[in-house]
Amino acid sequence: MLKVENVSFGYSKTKILKAIDFSVEAGENLAIIGESGSGKSTLLKLIYGEYDLKQGHIFWKDEEILGPKHNLVVGYDFMKYVTQEFDLMPFITVEENIGKYLSRFYPEEKQKRTEELIKVVELEAFAKTKVKLLSGGQKQRVAIARALAKQPEILLLDEPFSHIDNFKKQSLRRSVFKYLKENNIACVVATHDKNDVLGFADQLLVIHQSEIIAKDTPQHIYNHPKLPLIASFFSEFNVIEPYGIVYANQVKIVNQSDLKAVVKTSYFNGNSWLIEAEYNSESIFIEHSSNVNIGKIIFIKVSK
Ligand code: ADP
Ligand code: MG
């Protein structure tokens, strides 16, 4: 189990993180969300042991994670960290990068393991390609495979699919997170993409102004967003009194009600339209099955 106990940290006097406290079981997937600059990457670096802690403790099982003051080489064998920068070797191939840290004494196993990982990150067609010739997204996939090569017990992922185009993203996410579950590898994912979280995370942490402001299952946090900031992570939303925060799909257009609005714009959104309407001299957003003409008077109902 990963235990982060009452960790506070700042690069200078200003605290970036305050009293951070949570734990992650073996095989569990924990997602961390927060605005850019909220300290997500810093938290992953602390877990990895890149900095010395002045306040708080971090443990994996019974072993305390210690910073560079105590360790000549940063990092532990049981933990791998895929940074936002990847750090690959550009002049060797994808399979060489992935196999680099696997034992040369068992060439057949090394080859098998490399192939298995290349499959997990869906890079079969590029196994023999030099890394410098790959796109950003492909490099990101190599970095994930390389991190998995030696079967870590815990994997830290910093915005792991941010460079990968939408055609590939969903299937790659499923493949990587399924692999982690099947192999009982704990995972901490920093992200700003709700799709990295909703279908996969067992727990979700929201960091805001240096602190954890929500810690629960994604379902609970989605259904009970405490702040507009949290709702905005998931979807278009409105603040409509007396209902509070309501997502655009919780506002329905009905034949008649006491809540009257005027349509300002409609945005095509694939399987629905996002209708922007003026209600009580403010904009509200409604998810609707069809387009609605600008200027039309509509009645709405909130169903939470
Ligand atoms: P996030 O990953 O959520 O975008 P970061 O952890 O990268 O946030 O950054 C949190 C804050 O710490 C930011 O204000 C950033 O400018 C600052 N910061 C990050 N790395 C360093 C560093 N090495 N030295 C000083 N300040 C840093
Ligand atoms: Mg970051």
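This is a predicted model: local features need pLDDT of at least 70, side-chain atom pairs count only at pLDDT 80 or more; totals for chains, interfaces and linings use all residues.
Residues are numbered from 1 along each chain as its sequence is written, while chains are lettered from A and ligands numbered from 1 in the order in which they are written. Local features were required to have pLDDT of at least 70 and side-chain atom pairs were counted only at pLDDT 80 or more, whereas totals for chains, interfaces and linings use all residues; side-chain values rest on heavy atoms, with hydrogens and water left out.

The domain assignment, whose bounds come from an automatic or database source, divides the chain into domain 1 (2–223) and domain 2 (235–302), and the C-alpha centres of domain 1 and domain 2 are separated by 39 Å. An unreviewed UniProt entry places the feature "domain: ABC transporter" at residues 2–234, given in the numbering used here, with feature names shortened and annotations that may be inferred rather than shown by experiment. Over residues 2–234, the chain is 33% helix and 24% strand, with 27 Å between the end C-alpha atoms; helices (H or I, at least four residues) and strands (E, at least two) are DSSP runs numbered from the N terminus.

Ligand 1 is surrounded by Tyr11, Ile16, Glu35, Ser36, Gly37, Ser38, Gly39, Lys40, Ser41, Thr42 and Tyr51, a residue being counted if one of its heavy atoms lies within 4 Å of the ligand. By class, this shell comprises three nonpolar, six polar and two charged residues, Gly being counted among the polar ones and Tyr among the nonpolar ones. Taken alone, ligand 1 exposes 560 Å², of which the protein buries 57%, accessible areas coming from the Shrake-Rupley method with a 1.4 Å probe.

Nine salt bridges are found in the whole structure, each defined by a side-chain nitrogen of Lys or Arg within 4 Å of a carboxyl oxygen of Asp or Glu. One of them pairs Asp193 with Lys169, the closest N and O atoms being 3.9 Å apart. Asp193 lies in the loop between strand E8 (186–190) and helix H6 (194–197) and Lys169 in helix H5 (residues 166–182), so the pair ties together parts that are 24 residues apart in sequence.

Two backbone features were also identified in loops. Glu241 and Pro242 are joined by a cis peptide bond with omega of about 5 degrees, and Pro242 is placed in the loop between strand E11 (237–240) and strand E12 (244–247). Lys61, a residue other than glycine, has a positive phi near 55 degrees and is found in the loop between strand E4 (55–60) and strand E5 (63–64).
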